[in-house]
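Me: Got a model open here and I'd like to talk it through. Can you take my questions as they come?

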Amino acid sequence: MSRTALRICPLCEATCGLTLTIEGTRVTSARGDRDDVFSNGFICPKGASFGAVDGDPDRLRTPLVRRDGELREATWTEAFDAVAAGLRPVVERHGPHAVGMVLGNPNVHTMAGALYPPVLLAALGTRSLFTASTVDQMPKHVSSGLLFGDANAIPVPDLDHTDHLLLIGANPLESNGSLCTAPDFPGKLKALKARGGTLTVIDPRRTRTAKLADRHLAIRPGTDALLLAAMAQVLFEEGLVDLGELSPHVQGIDELRDAVRDFTPESVAAACDVDAALVRTLARELAAAPTAAVYARIGSCTVPHGTLASWLVDVLNILTGNLDRPGGALFPQAATDRTPRPAGPGRGFALGRWHSRVSRHPEAKGELPLSALAEEIDTATDEGTPVRALITVAANPVLSAPDGDRLDKALDSLDFMVSVDPYLNETSRNADVVLPPPPPSQSPHHDFAFNTLAVRNQVRYSRPAVPLEPGRMAETEILARLTLAVTGMHGADPSAVDDLVVGQTLGKAVQDPHSPVHGRDPEELAAQLAGESGPERRLDLMLRLGPYGDGFGAHPEGLGLERLLAHPHGIDLGPLRSRLPQPLKTRSGRIELLPQPIADDLPRLRGAAAERPTGLVLVGRRHLRSNNSWMHNVPALTGGTNRCTVQVHPEDAERLGLRDGEPVRVKGAGGEVTAPAEVTDGVRRGVVSIPHGWGHDRPGTRLSHASTDPGVNVNQLLDGSLLDPLSGNAVLNGVPVELSPLG
C-alpha cells in the first residue's frame, strides 16, 4: 500500500519541497509540494528523479575496510576500529596538521554535513582543511569578509521585486541558482520581464539564461572584473553615484573613486571585447533603474581576478544605492542564525593567518586551496610534515580539483584515508575505510546554509520519509563516531558529541547579555529541548536562540522545533528586508569599500587590461540534470543534452578541421583529454566549453551506469598552478587550451 511523505529536495541549492510517493520503503515517485511555503510546487528534473537517486543500486550499504589491498565489506564496529587505529597514530606521531580534511559540495545539502564537520575539525585541531569552496565560491566569501567583516554575509538579489537584473557568469536556468537560493529561478526571471523589468546577461556562452535576456554580452572569458571596474568608473565620472540611505554605513568612497579612475571603458574594451559605448550604457541603465541588482556566480569566481570581480559586484550595488534595499541586493535572515547582536564594530576579517606548507598559499576562511592538496601530500619541505592521513566527507577531488591524475597518485601514497561517501567513486576508491551514509529518504533535512542565501525568509524541516534500514547508520551518527575516533574517545556514546555542543552553546548564551537566556541555568534550558535525537535537539536549540526564536519562553510566539513540526510545509517569515548596519562585523562597523588586500591587487587587474589572448580559452558549463559529479550514475538524469562534449564555434571548427560529433583532442597545461566535438554558435569565437564533473573511467569504482558513458575530466587540463591569489580559488575559466582533430 502506498503512502506519501514530504521532503525538502537535497539535490541542488533551490531546496524545493517535494511530495514523495512511497511503496513500503521504496520511493516510487516525487512531485512538487504545492503547499510548500517557498517553492509552491516547483520541481526540476533532479527533484523528479529523487526516487532513482535515492534507490541507486550502486549505493554502498555497509562499510568497506581495506584488507590485503582490497576493500571488503565489514561491520560498523570493525570500520570504526580501523579508523581509530589508522588516524590516532598519525596525530600522535606527526601532530594534527598531518591529518587533512576534504569537505565536498554535498555537505551543505545535509543536516549532518552542516552540524558535525565543524565539531570534527575543531576536535582534530588541524589547519589542513580543503573544501569544494576553493574550486567554486571562495572569492565571494573573501570579498564579503573584506567589505562587510563577515565571510558569510552574502547579499542576494531580491528577484521578486527588482526592476533591473544584471547577471554575470551565471546560468540559473540550468543551475537553479547558486549562492542565491531560489526555487523556480526561471519563473522569477520571466516574472521580472513580465512586469517590465530588464534582464542583462554577461556570459561567453549563449546559455538558456542568455536566450531569455533583453541583452546578452558575449564577453571574453576572465575579464569580468575589468568590465565591472569600468562600470564603476563611469558612475563616478558621470556623477551617477547615489548611495542613498547607505551613506552613513559606508567609508572609503573617495579612495574608491581614485582606485578605479584608470579603468575607463576605452581602456578595457579591447581586453573584454565589449564596445566602450556599451559599457557606458550598462552603467547608466544600472544607475537609472528604480531598483536594480547585480548578481554574479561561478563564471566570475573561477577566473584569475575572481575576488576582485566578486568585490565589484557589491561595489556596483553600493554605488547605485541598491544594497540593502527592497528590489536590490539584501542580506537574508535565516531562522538558525545566531542571536542578533546590537550593531557596532566587530573583529573584521583576516586573510593569510597561516599558509600552505609547499607553495605558501594563504588560508582564506580557514581553508587552504584544494588545488594544493596533491603537493601537500606528495612534496617534502623543510617546514612541517606532509599530509599523511586524510578524511574526505562527500568529496570527490580527483574529479573536482585540477590535475586529478597527480592527486590520485598522492592519495594512494597516504598512510591512511577514510571516506564518508555513499559511493565507491574516483576518490573514495583510494580509502582504507569507506563509511556510507544512508540515502536521503532515510535522513532528516534542514537547510542551514541555503537559508542564509534564500530570496525569501522561511524555515522548513523534514523528518526521514522512510525508517532507517536495518544495518544502516545515520550520517549524523557516522560523523559523531568519526569525531570520537580521531580524538581518542573511540567507543564512547555518540550522543556525547551533541551533548557537548549543546552544553557549550548554552554555556555561552547564558553569559551573553544580549541573549534571551542571559543569566539562566544552562542545565534547566537543556532539559527543555525538544526532539527525538541529538541533531533535532541541536536544531531546536538554534531555532529557539535565533532571530525568530521563542528564547525559551522569552518570546512565546517565536520559533522552536515543535512549532516547526506543526507546519510540515514550512513557515513563511516574510520577504527580505533592510538590515544594515546589523550584519556588519568590520572593525569600523561600516562597509569598508576599499580594503587593503583589494587595493593591493588592483595593479594586477590594470595589467590585465593590456592582455590579448590569441589562442583558444576554456570555460565550463552546467547541465540542468547534473550537479557536479553526483548524478551521472542515474540513468534518468543522463543522455539527451546532458553530454560531455567539446563545444566549439563553427569558425574555429572550420579553421582547425574539426567536425561535429567526431573526437577532438584538447590539450592544456595539466594534460590532455579527448571528447566529441559539438560545433555550435552557442559559444563565442575563441572559446571552448567542456562540462565539469565527468571522467568516470578509473578502475576500482562502483558506478555501473556512469562508467558506460564516462566522459572526460576537464580539470585534467589544469596543472593547479593558476589561482586567484586573494582567495586561493582555482582558475577554471579563461584557461588557454589547444584543439586538434584526433588522428
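Predicted model: local features only at pLDDT ≥ 70, side-chain atom pairs only at ≥ 80, totals over all residues.

Me: Okay, start with Q233. Which helix is Q233 found in?

Reply: Q233 sits in helix α10, which covers residues 224-237.

Me: And is Q233 buried or exposed?

Reply: Buried, because its relative accessibility is 7% and the cut-off for buried is under 20%.

Me: Switching to charges. How many salt bridges does the structure hold?

Reply: There are 46 salt bridges in the structure. One of them pairs E78 with R67, with 3.4 Å between the closest N and O atoms. E78 belongs to helix α3 (residues 76-94) and R67 to strand β4 (residues 64-67), so this pair ties together parts that are eleven residues apart in sequence.

Me: Are E78 and R67 buried, partly exposed or exposed?

Reply: E78 counts as partly exposed, at 36% relative accessibility. R67 is also partly exposed, at 31%.

Me: What about E174, which residue does it form a salt bridge with?

Reply: E174 bridges to R208, and the closest N and O atoms are 4.0 Å apart. That pair links distant parts of the chain, with E174 in helix α7 (residues 172-175) and R208 in helix α9 (residues 208-212), 34 residues apart. E174 is buried at 14% relative accessibility, whereas R208 is partly exposed at 37%.

Me: Which residue does R463 meet in a salt bridge?

Reply: R463 meets E532, at 3.4 Å from N to O. Both sit in loops: R463 between β18 (456-459) and α19 (475-486), E532 between α21 (522-527) and α22 (534-545), and the two are 69 residues apart. R463 is partly exposed, with a relative accessible area of 29%, while E532 counts as exposed at 66%.

Me: Which residues are linked in a network of salt bridges?

Reply: E237, E238, E266, R280 and R284 are linked that way.

Me: Now helices. At what angle do α5 and α19 pack?

Reply: Helix α5 (residues 117-124) packs against α19 at about 0 degrees, and their axes are 9 Å apart. That makes the two roughly parallel, because angles under 35 degrees count that way.

Me: Which residues make that contact?

Reply: From α5 you have P117, V119, L120, A123 and L124, and from α19 L479, L482, T483 and V486. By type, the residues of this contact are eight nonpolar, one polar and no charged.

Me: What order do the strands have in the open sheet of seven?

Reply: The order is β5-β4-β17-β16-β15-β6-β7, and the pairing is mixed. β5 (70-73) and β7 (129-131) are the edge strands, each with a single partner, so one side of each has no neighbour in the sheet. On average, neighbouring strands of this sheet are turned by 20 degrees against each other, direction ignored.

Me: In what sense do β6 and β7 pair, parallel or antiparallel?

Reply: Parallel, over three bridges, with β6 covering residues 99-103. M101 stands opposite L129 in β7.

Me: Which strands does α19 touch where it packs on the sheet?

Reply: α19 touches β15 (389-393), β16 (416-420) and β17 (433-435), and its direction makes about 160 degrees with that of β16.

Me: Next up, Y548. Where does Y548 lie?

Reply: Y548 is in the loop between α22 and α23 (561-565). Y548 counts as buried, at 16% relative accessibility. Not counting residues up to four places away in sequence, Y548 touches Q333, A334, A335, N457, G558, L559, L573 and R577. Of that list, L559 is eleven residues from Y548 in sequence and 5.8 Å away in space, C-alpha to C-alpha.

Me: Last one, T307. Which helix is T307 found in, and is T307 buried or exposed?

Reply: T307 is in helix α15 (residues 306-319). T307 is buried, with 0% relative accessibility.

Me: What does T307 touch, not counting residues up to four places away in sequence?

Reply: T307 touches P139, V142, S143, I598, D724, L726 and S727.

Key: Residues numbered from 1 in each chain as written. Heavy atoms only, no water. Salt bridge = Lys/Arg side-chain N within 4 Å of Asp/Glu carboxyl O. Helix = DSSP H or I, 4+ residues; strand = E, 2+ residues; numbered from the N terminus. Buried < 20%, exposed > 50% of the residue type's maximum accessible area, 1.4 Å probe, protein only. Axes fitted to C-alpha atoms, helices over the stretch in contact; angles between N-to-C directions. Parallel < 35°, antiparallel > 145°, perpendicular 65-115°, else oblique. Contact = heavy atoms within 4.5 Å. Nonpolar A, V, L, I, M, F, W, Y, C, P; charged D, E, K, R; others polar. Pairing = 2+ DSSP bridges.
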